[in-house]
Amino acid sequence: MLEKRSEFEMEPSQRNVFNAWQYRHLFTYHDMRGKNVVVMCNLCLPKVNLLSSSRFSTSNLKKHLERRHSGLFEELKAKKIRVGQLKHQTDPGPSNHVIQWDPPLKQVKVEDDTPFQQEAMLDESQAVVDSLVFNFIMEDLQPLSLLEQPAFRKLVEGLSGGVMLTTREAVEDRLQEEQAHMVEELKVKLNDVPSVCTTVDIWTARGKSYLSMMCHWIDPNHLQRKSAALACTRIRGELTYNTVASKIHEVHVAYSIENKVQAVVTDSSSKYVHAFHEFLCVDTEDEGDQWEFVDVSALLSAQPLEGAVYFLPPHQQSVSHMLSLVASEDLLNALTQHATWSLYSSAMAKCSTLWSRTHKPLGAAGDPKKVKVVPQVSRWSFEYGVVEHLMSLSDAVFAQLCDHNNVTKLLHDEIALLKEYVGVLKPLAISLSLLQGEEKGFFGLAIPTLMTLKQKLREKKNETQFFSAAIDALLAGIDSRFAPVFSSHSAKMAAATMPQFRLWWLSGADREEVQAALMAEAAHLDPDAADDAVDGACNTLEDDFFNFGPGTPSNRRGPKGEVLRYLDGTAKMLHCLKDFPSIHQLFLRFNTVLTSCAPVDRLFNHGGDVCTPQQSRLSDEHLEQMLLLRYNGLPSCL
């Protein structure tokens with residue numbers, strides 16, 4: 001948290017010209033770094049903008065004000081000049097008469113505090129207060145009507161020393177300006193990105209439905225995942241696939257990324273599946289890569305027209321969401337049909353009672369062994385985490401916990417079943433955790449993770465007493481639900497271009513098939529390089545004949561040779577891709593797609609507060625502006 005320190009609290013080596021600068025109130029002191037002082041611009045709030053300037057000069061900070069806040073800075077400078085001119089005009093200058101008179105202290109204070117000085121200081125404080133109030137409104141998703149409440153106005157004016165509270169109209173104007181500026185900056189950023197992925201989800205609260213969309217890409221220099229919020233738009237009327245398709249298409253066009261989206265990741269909702277089945281853009285040789293888009297602005301203000309055609313990028317159902325369905329639906333269906341169902345349901349009911357009573361406000365107060373559960377993305381992950389924690393407790397502690405919360409103790413067979421439950425399904429929990437990640441949730445994780453999961457489940461089958469049938473159901477569910485992923489060319493290329501996997505997860509004919517496809521993709525990136533490698537083969541006859549000194553065999557040149565050298569490597573870190581330009585490009589292309597649509601839930605978590613009666617008074621437009629500005633205002637996002 002940023003902490004403002006006065007000049008008198010600083011060491012002598014930390015004091016600097018910033019403390020005496022006339023515009024220092026527009027910044028908040030952060031810390032000292034060597035010979036530089038680091039401050040935060042108060043006018044840039046809610047975005048945290050840290051600036052560095054020399055201890056002996058404020059030129060960098062002055063340039064920042066001139067470039068980013070030129071209007072306010074020029075107004076402040078003009079008023080400073082007016083104040084200086086007034087003092088010069090009223091200064092009587094040197095006198096020939098020596099007057100031995102010391103005026104009272106209060107008189108000197110009144111003479112220095114001219115009306116123009118008071119006005120200048122008030123305007124400077126006004127800018128700071130306005131930024132702080134704007135930040136409060138946006139960070140807490142407060143309704144703009146709060147600015148019109150007399151009590152709130154008195155609070156701000158009293159704390160600020162008489163500075164007037166900004167008006168509702170001014171905040172509305174600033175919201176529009178900040179959003180327009182954010183959109184333009186994001187469009188410039190996305191313009192330099194070769195490929196992106198978007199995640200979409202729909203949430204409903206108080207009879208209102210909202211479609212939220214986020215954009216994700218990989219920084220080509222550091223191979224790090226970047227994300228930004230694109231929309232949180234209201235969907236009016238009945239939720240149909242026409243409505244979903246039109247909204248997704250509208251946002252893609254608004255940010256000029258319609259031709260860069262490698263895939264749109266959603267959950268397994270029938271609305272999404274139907275929409276993409278109807279409107280998926282299919283490239284043909286005659287039409288090339290150009291997609292036809294229609295103006296859907298008229299459809300957004302009324303019910304979507306039946307038969308309207310929109311072209312959408314490829315659709316990818318969330319891998320983690322499908323696996324969570326395997327863990328919940330397929331597993332539960334298998335258990336209900338097995339003889340262990342009564343034992344399983346009894347044990348889980350007791351665990352449910354135990355952790356619910358443990359988490360009451362007055363339950364287990366002061367107990368150091370109190371169970372703490374952190375909810376995860378899916379219900380099954382939450383359930384598994386609780387059971388795993390309970391089974392990690394010693395028998396004495398677990399018995400004490402049951403007695404303290406007045407819960408019937410688990411039988412010996414129930415404890416044995418739950419411990420086996422934790423051990424057998426541990427690979428499934430790890431797989432879900434890997435696939436739900438955002439920073440490392442590359443699409444190349446999908447097939448290797450699922451194949452490893454299947455292998456570990458088969459190994460567990462020989463050791464289980466209660467879950468043999470459940471393991472068979474899990475394996476069958478993985479094969480049926482992920483058949484499109486296992487056969488996906490994009491998923492195979494994504495895994496092959498990850499140094500962590502390369503082609504080690506394949507064997508035999510499958511390995512040769514994927515290697516040939518990878519070579520074809522690499523050659524397709526630069527056909528001229530492939531032709532040059534073939535044409536230059538005759539010039540390397542002597543080089544291949546003589547094996548003295550360093551050299552490269554002809555079959556190791558060009559894109560195909562690069563693929564062979566990459567596959568022979570053993571490094572597993574992503575930074576090794578800098579030695580393989582073609583593989584680097586293919587990694588960016590195929591691994592841009594996420595394995596989960598969980599990141600878009602963060603936008604829902606931000607917007608969850610609007611479900612309260614007070615904050616639900618936010619208009620749809622203001623809600624979207626605040627959510628996008630608050631999420632994208634974080635420096636790590638862009």
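Predicted model: local features only at pLDDT ≥ 70, side-chain atom pairs only at ≥ 80, totals over all residues.
Q: How many helices and strands does the chain have?
A: The chain has 26 helices and eight strands. Helices (H or I, at least four residues) and strands (E, at least two) are DSSP runs, numbered from the N terminus.

Q: And how much of the chain is buried?
A: Of its 638 residues, 45% count as buried. Buried means under 20% relative accessible area, exposed means over 50%, and partly exposed lies in between (1.4 Å probe, protein chains only).

Q: What share of the contacts join residues at least 24 apart?
A: Among contacts between residues at least 6 apart in sequence, the share is 70%. Contact means heavy atoms within 4.5 Å.

Q: Turning to the sheet of three strands, what is its order?
A: The order is β1-β2-β3, in an open sheet with antiparallel pairing. Its edge strands are β1 (27-33) and β3 (50-54), each of which pairs on one side only. Two strands pair if DSSP finds at least two bridges between them.

Q: How many bridges link β1 and β2?
A: Six bridges link β1 to β2 (residues 36-41), in the antiparallel sense. Asp31 has Val38 in β2 as its bridge partner, and Tyr29 stands opposite Val39 in β2. In the hairpin of these strands, with two residues between them, Gly34 takes a positive phi near 65°.

Q: What about β2 and β3, how many bridges there?
A: Five bridges join β2 to β3, and the two strands run antiparallel. Met40 has Leu50 in β3 as its bridge partner.

Q: Why is β2 described as largely enclosed?
A: Five of the six residues of β2 are buried, so the strand is largely enclosed by the rest of the structure.

Q: Which helix lies across these strands?
A: Helix α1 (residues 59-68) lies across β1, β2 and β3, and runs at about 135° to β3. Axes are lines fitted to C-alpha atoms, for helices over the stretch in contact, and angles run from 0 to 180 degrees between N-to-C directions.

Q: On to α10 and α17: at what angle do they cross?
A: The axes of α10 (residues 319-336) and α17 (residues 468-481) cross at roughly 140° and come within 9 Å. The two helices are therefore oblique to each other. Angles under 35 degrees count as roughly parallel, over 145 as roughly antiparallel, 65 to 115 as roughly perpendicular and the rest as oblique.

Q: Which residues meet there?
A: Those in α10 include Met322, Leu325 and Glu329, and those in α17 include Ala469, Leu474 and Arg481.

Q: Is α24 largely enclosed or open, and why?
A: Seven of the ten residues of α24 (residues 581-590) are buried, so this helix is largely enclosed by the rest of the structure. Among the buried ones are Ile583, His584 and Phe587. The elements covering them include β5 (208-218), α19 (489-496), α20 (508-525) and α23 (558-568).

Q: Last one: where is Val264?
A: Val264 is in strand β7 (residues 261-266) and is buried, with a relative accessible area of 0%. Val264 and Ser318 are 54 residues apart in sequence and 9.4 Å apart in space, C-alpha to C-alpha.

Key: Residues numbered from 1 in each chain as written. Heavy atoms only, no water.
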